[in-house]
Amino acid sequence: MKILILNGNPDPNNTLFEEYLADLTEEMHALDNEVRQIKLRDLNIRYCTGCWGCWVKTPGKCVFPDDSQEVCREYVHTDFVLMASPVKMGFTTALLKKTQDRLIRILHPYVDLVENECHHHRRYDEYPKNGLLLERPQNIDDEDIQIMKDMYSRFSLNFKTELTFFGLTAQDVKEVARAIDNI
Amino acid sequence: MTHALLLVGSPRGKKSTSTSVGSYLLNILDKKGLETDTLWITRQLADDEKLSQMLNAVDHADIIILTAPLYDDCQPYIVIRTMEAIAAQRKNLGYKRFIPIINCAFQEPEHITAVAISIYHKFATTVGFKWAGSLAIGGGEMLQGKSGKTLDEIGKMARKVKKVLERIADALAADNSFPDESVRAVPDFLYKPFMKKVLAWMNKYDWKSRAKKNGGVVDARPYSQ
Ligand SMILES: Cc1cc2nc3c(=O)[nH]c(=O)nc-3n(C[C@H](O)[C@H](O)[C@H](O)COP(=O)(O)O)c2cc1C
């Protein structure tokens, strides 16, 4: 399976998180997966300005050609995307959200009705399954975790897929790698 | 004097539905004798000085009204960045009332109430704001903020939203909270399943011709190879 890890950790000094992802990458390689990790903090990605240029000016592409192009290209050629983030103030990081907002171009502006609710039409035939891996600080509770799961389930619904994995970096890395491999 | 601060969280900046909705509410509060101020988050994130200016403004306000669009069923990046900055200050924000007013493109405000309102609520309780109510607006693009129009300028289409905002202004000016509310900008007859299909079809035609006008093909797949 082709796996893309979007590392949303803004702080290179958070070595525990970085080491966990490095170990996870190694374990998933060992299980015969092709894994690529993108450290979002190393990329030049500006925020989405909601101009709809990616739908009407350069359909499918953003009018600002920055490193988000690489993320979008990888995203549509992957079987599974693991969004990995420390939890800041009860939520995944702004860095990860900045990238997620820029994914809008891989959807089509047309609207489909899903159970009488509007959602965007697919631009590509297939979209990767999604997973969420969090580093949980001590001061957050199960309600925060549930909100994030709900939010990423909605994100996945918008992006024509499902949230098929949820994990915490407190879990054994081999166990997490096996769970992802079984998806 | 009670001081209300409007933070506009649209990445579009001034020409946005978040601006038109927020300004309408703030104008009423102003007429009711509150002291009012508006800051656009896009500008305040430009550098550290402007960011601390925004955090100071939050410190000095009694009521913080945040207007923002919905991006992927939650906050756009610039709003999360602002929430992180407010939380990082770790000031005592206990007496301040916080009101998120969120708009989304799709007709159903349920896209907003599904999770985004809970995230705002959690944020408010984490930093110590007092939750004073929220408003979810479905069909926000119908309000034409992107073209820089005010709610008064667009006539009937803004009627339902204006009514709710007026009620919210009354509650805030009387030092009250209001319940979490939702409103659909689109007229009720357009909300029927059949009419939704008609709208979706018309919307297709619009996107397709706009892309074509710019020399593009609306369903291009640039990342296929
Ligand atoms: C990256 C991105 C993601 C969006 N996600 C959603 C969404 O999940 N649901 C929705 O109804 N509208 C979505 N929208 C549309 C905006 O919420 C809508 O255009 C809104 O009216 C913009 O308000 P503003 O003018 O205040 O920025 C999205 C727009 C962008 C650019």
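This is a predicted model: local features need pLDDT of at least 70, side-chain atom pairs count only at pLDDT 80 or more; totals for chains, interfaces and linings use all residues.
**Entry 1, a first pair.** I began with A:E18, which forms a salt bridge with A:K39, their closest N and O atoms being 3.6 Å apart. A:E18 sits in helix α1 (residues 15-30) of chain A and A:K39 in strand β2 (residues 34-39) of chain A, so the pair ties together parts that are 21 residues apart in sequence. My rule for a salt bridge was a side-chain nitrogen of Lys or Arg within 4 Å of a carboxyl oxygen of Asp or Glu. Helices (H or I, at least four residues) and strands (E, at least two) are DSSP runs, numbered from the N terminus.

Residues are numbered from 1 along each chain as its sequence is written, chains are lettered from A and ligands numbered from 1 in the order in which they are written, and side-chain values use heavy atoms, with hydrogens and water left out.

How many residues of chain B are in contact with chain A? I got 50 residues of chain B in contact with 52 residues of chain A, with contact meaning heavy atoms within 4.5 Å. The area buried between the two chains is about 4700 Å², and carbon and sulfur atoms give 62% of it. In chain B, the residues that lose the most area to chain A are B:D72, B:Y77 and B:Y223, together 19% of what that side buries. Buried area here is the accessible area (1.4 Å probe) that two parts lose on being put together, summed over both. The rule finds five salt bridges across the interface of chain B and chain A. I also looked up A:D141, which forms a salt bridge with B:K122, the closest N and O atoms being 3.2 Å apart.

Six residues of domain 1 of chain B are in contact with four residues of domain 2 of chain B. Between them the two domains of chain B bury about 500 Å², 54% of it on carbon and sulfur atoms.

I searched on a 1 Å grid over the protein atoms alone: a cavity is a set of points where a 1.4 Å probe fits but cannot get out, a pocket is an open set with protein on both sides within 12 Å along at least five of seven lines, and lining residues have an atom within 4 Å of a point. Grid points are joined across faces, edges and corners, and a volume is the space filled by probe spheres set on the points. The largest pocket has a volume of about 1200 Å³. It is lined by 46 residues, and A:W52, B:A105, B:F106, B:E141 and B:W207 are the closest to its centre. The largest share of this lining, eight residues, comes from α8(B). Domain 1 and domain 2 of chain B each give at least three residues to the lining of the largest pocket.

How many cavities of 30 Å³ or more does the whole structure hold? The search finds three. The largest cavity holds about 130 Å³ of space. Its lining has 15 residues, with A:C48, A:C51, A:C54, A:C62 and A:R102 nearest its centre.

Conventions
Domain bounds come from an automatic or database domain assignment.
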